[in-house]
Amino acid sequence: NKYVIEDGKRPEVVAEELYGKQSLDWVVLITAGITNVRDQWPLSDYQIYRYSEEKYGEYLNDIHHYETTEVKDSRNRIVLPAGKVVDSTFTIPNPSDPTATLNPVAGVSNYDYEVTKNNKKRTIYVLRREYLQQYLNDFRNIMVYDKSSQYKDSKLVRTENLNVTLP
């Protein structure tokens, strides 16, 4: 199911809301395809403002890029969709008057760019509650170690620290 993360909600809060246990935050993250919470989980509105302010400083409200605005013809058909990244000088023929041109372009500030990018992270896919127990059972079965030279027991194997053995 699609789920929209509200401002300031953390994975453990979403897990509590969806599955009744904060400790199932890893299920929320895995099913959403999130491998790095710091970079892939949305920041709160306050955090995104502070992040943008720190990143851009006095250039926070400068133009980051330009995007098209929606243009329709006389029959209300979309000629140019909104949101396409273009140069500031982008023009198209006017659908109402082919001898004239339009400049359907709007500037997007650095702050608005960061907010939009952050808001795209708010919509995730989560596991339906009715599939949770099967998911946990399958995951538990997958994570059991088979016997090998490194085998200690079904939930533990020995391993080397490759950073030490292969510097």
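Which residue forms a salt bridge with Arg 128? In this predicted model, the partner is Glu 130, and the closest N and O atoms of the two sit 3.9 Å apart. That bridge is one of 10 salt bridges that turn up in a search of the whole structure.

**Nonpolar core**

- The largest nonpolar core is built from 18 residues, and Tyr 19, Val 27, Trp 41 and Ile 124 have the most contacts inside it.
- Three helices each put at least two residues into this core: H1 (11–19), H2 (25–31) and H6 (132–142).
- H1 is the top contributor here, giving four residues.

**Helix H5**

- H5 runs over residues 110–120, and its buried residues are Asn 110, Glu 114 and Asn 118.
- These three cover an arc of only 70 degrees around the axis, so they end up on the same side of H5.
- What do the buried residues of H5 pack against? They pack against helix H4 (45–56), strand S2 (63–68) and strand S8 (105–109).

**Aromatic pairs**

- The count of aromatic pairs comes to four.
- Tyr 49 and Tyr 111 make an edge-to-face pair, with 5.7 Å from centre to centre and 75 degrees between the planes.
- Tyr 49 belongs to helix H4 and Tyr 111 to helix H5, so this pair ties together parts that are 62 residues apart in sequence.
- Tyr 49 is partly exposed, at 33% relative accessible area, and Tyr 111 is partly exposed as well, at 23%.
- Elsewhere, ring pairs join Trp 26, Tyr 135 and Phe 139 into a cluster.

- Salt bridges with shared partners link Glu 6, Lys 9 and Glu 17 into one network.
- Within that trio, Glu 17 bridges to Lys 9, and their closest N and O atoms are 2.3 Å apart.
- Is Lys 9 buried or exposed? Lys 9 is buried, with a relative accessible area of 13%, while Glu 17 is partly exposed at 44%.
- Arg 122 pairs with Asp 7, and the closest N and O atoms there are 3.6 Å apart.
- This pair links distant parts of the chain, 115 residues apart: Arg 122 is in the loop between H5 and strand S9 (123–125), and Asp 7 is in the loop between strand S1 (2–4) and H1.

Definitions and conventions: Residues are numbered from 1 along each chain as its sequence is written. This is a predicted model: local features need pLDDT of at least 70, side-chain atom pairs count only at pLDDT 80 or more; totals for chains, interfaces and linings use all residues. Side-chain values use heavy atoms; hydrogens and water are left out. A nonpolar core is a set of buried Ala, Val, Leu, Ile, Met, Phe, Trp, Tyr and Cys residues joined through side-chain atoms within 4.5 Å. Buried means under 20% relative accessible area, exposed over 50%, partly exposed in between (1.4 Å probe, protein chains only). The arc is that of the directions from the helix axis to the C-beta atoms. Contact means heavy atoms within 4.5 Å. Rings of Phe, Tyr and Trp (its six-membered ring) pair if their centres lie within 6.5 Å; planes under 30 degrees apart count as stacked, over 60 as edge-to-face and the rest as tilted. A salt bridge is a side-chain nitrogen of Lys or Arg within 4 Å of a carboxyl oxygen of Asp or Glu.
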